[in-house]
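Here is a short tour of one protein chain, written for someone who likes to know which residue sits where. Keep the structure open beside the text as you read.

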Amino acid sequence: MNAPIGVIDSGVGGLTVAKEIMKRLPNETIYYIGDTARCPYGPRTRQEVRNFTWQMAKALEKMNIKMLVIACNTATAVALESLQRNMPFPVLGVINAGARAAVKKTKRHEVVVLATEGTIRSGAYEEALLSLNTSTHIIPLACPTFVPLVESGEYKGEFANKLIAEGLEPLNNEQFDTVILGCTHYPILQKHIEAVVGENVFVLSSAEETAKDVQEMLAYNGTLADPDAVPAHRFYATGSVPIFRSIAENWLEQGTLNIKRITLK
């Protein structure tokens with residue numbers, strides 16, 4: 001019951017999911033791997049993404065996790081089903097959670113999906129959204145500059161405002177009332193994105209809905225942590241630990257974190 005929950009991402013973006021899990025399940029321990037050395041995943045081939053995702057999953061399997069959350073939309077799109085079939089613990093992704101949240105929120109059934117090139121190419125969000133409501137009009141938009149912006153740590157200033165406004169220019173003549181942040185890096189840019197799309201558009205991430213899924217799955221399996229359990233989170237990065245630390249400690253607001261470098265193979 002007190003075994004850790006594994007969370008994997010192409011970099012720091014999955015921290016948005018980890019933060020919601022910590023908030024909803026404060027007694028759970030999280031072991032997080034961010035593949036910062038090989039981020040972004042969006043431009044990579046499906047086989048590369050699948051291989052990298054499996055490497056992270058296998059590394060966490062050796063740490064005796066009780067559940068795995070793929071907190072990366074690109075990785076969810078290409079590796080979720082194979083991991084669910086082959087891992088000895090439950091595996092959850094973020095795409096279905098984001099689609100459910102959007103269908104609940106949209107009033108006009110006009111939904112923008114902002115995501116990496118890989119997630120957009122996969123059509124996974126279109127499939128998930130249309131499975132919930134066949135009348136949904138979906139506007140997919142790849143934003144390849146957003147993940148490097150977050151990973152660099154330069155996401156707060158005027159440069160970020162300019163880059164995000166340019167990335168969202170294709171939406172200027174579109175009609176929509178809901179935006180899915182279809183990459184877990186993007187909630188770190190949420191205020192910038194909201195400023196561009198306007199106050200009448202609801203901008204959502206899959207993080208909160210994913211945390212609900214985690215809670216429900218653990219409760220169903222009877223594997224929620226003890227109410228008095230004290231979490232001992234661990235974070236691993238395949239690239240620069242100082243950059244990862246700066247972003248993680250700022251975003252999670254948990255004080256000094258236990259962060260180490262990890263080599264995947």
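Which residues in α2 meet which residues in α3? This is a predicted model, and in it R46, V49, R50, T53, W54 and A57 are the residues that α2 brings to the contact. From α3 come T74, A75, A77, V78, A79, S82, L83 and N86. By class, that contact holds eight nonpolar, four polar and two charged residues.

**Two helix pairs**

Two packed helices are described by the angle between their axes and the distance between the axes. Helix α2 spans residues 46-61 and helix α3 spans residues 73-86; their axes come within 9 Å and cross at roughly 55 degrees. That angle is why α2 counts as oblique to α3. The crossing of α2 and α3 is right-handed.

The second pair is helix α1 (residues 15-24) with helix α11 (residues 241-252), whose axes lie 10 Å apart at an angle of about 35 degrees. Here, too, the crossing of α1 and α11 is right-handed. On the α1 side the contact is made by L15, T16, K19 and M22, and on the α11 side by F244, A248, W251 and L252. Sorted by class, the contact of α1 with α11 has six nonpolar residues, one polar and one charged.

**The two sides of α9**

Now turn to helix α9, residues 190-197, where H192, I193 and V197 are buried. An α-helix has 3.6 residues a turn, so residues three or four places apart point the same way. On the other side of α9, K191 and A195 are exposed.

What do the buried residues of α9 pack against? Their partners are β5, α7 (146-152), α8 (158-167), β7 (178-181) and β8 (202-205). Just after α9 comes G198, with a positive phi of about 100 degrees.

**Backbone details in the loops**

Most residues other than glycine have a negative phi, and most peptide bonds are trans. Some spots in this chain are worth a look with that in mind.

| Site | Backbone value |
|---|---|
| C39 to P40 | cis peptide bond, omega near 5 degrees |
| N64 | positive phi of about 60 degrees |
| E253 | positive phi near 55 degrees |

Where do these residues sit? P40 is in the loop between β2 (30-34) and α2. N64 is found in the loop between α2 and β3 (67-70), and N64 counts as exposed because its relative accessible area is 58%, where the cut-off is over 50%. E253 has its place in the loop between α11 and β10 (259-261). With a relative accessible area of 63%, E253 is exposed as well.

One last stop is K107, in the loop between α4 (95-105) and β5 (110-115). Is K107 buried or exposed? Its relative accessibility is 72%, so K107 counts as exposed. How far apart in space are K107 and F176? Their C-alpha atoms are 9.6 Å apart, while in sequence K107 and F176 are separated by 69 residues.

How values were computed:
Residues numbered from 1 in each chain as written. Predicted model: local features only at pLDDT ≥ 70, side-chain atom pairs only at ≥ 80, totals over all residues. Heavy atoms only, no water. Helix = DSSP H or I, 4+ residues; strand = E, 2+ residues; numbered from the N terminus. Buried < 20%, exposed > 50% of the residue type's maximum accessible area, 1.4 Å probe, protein only. Axes fitted to C-alpha atoms, helices over the stretch in contact; angles between N-to-C directions. Parallel < 35°, antiparallel > 145°, perpendicular 65-115°, else oblique. Left-handed = near helix turned anticlockwise from the far one by under 90°. Contact = heavy atoms within 4.5 Å. Nonpolar A, V, L, I, M, F, W, Y, C, P; charged D, E, K, R; others polar.
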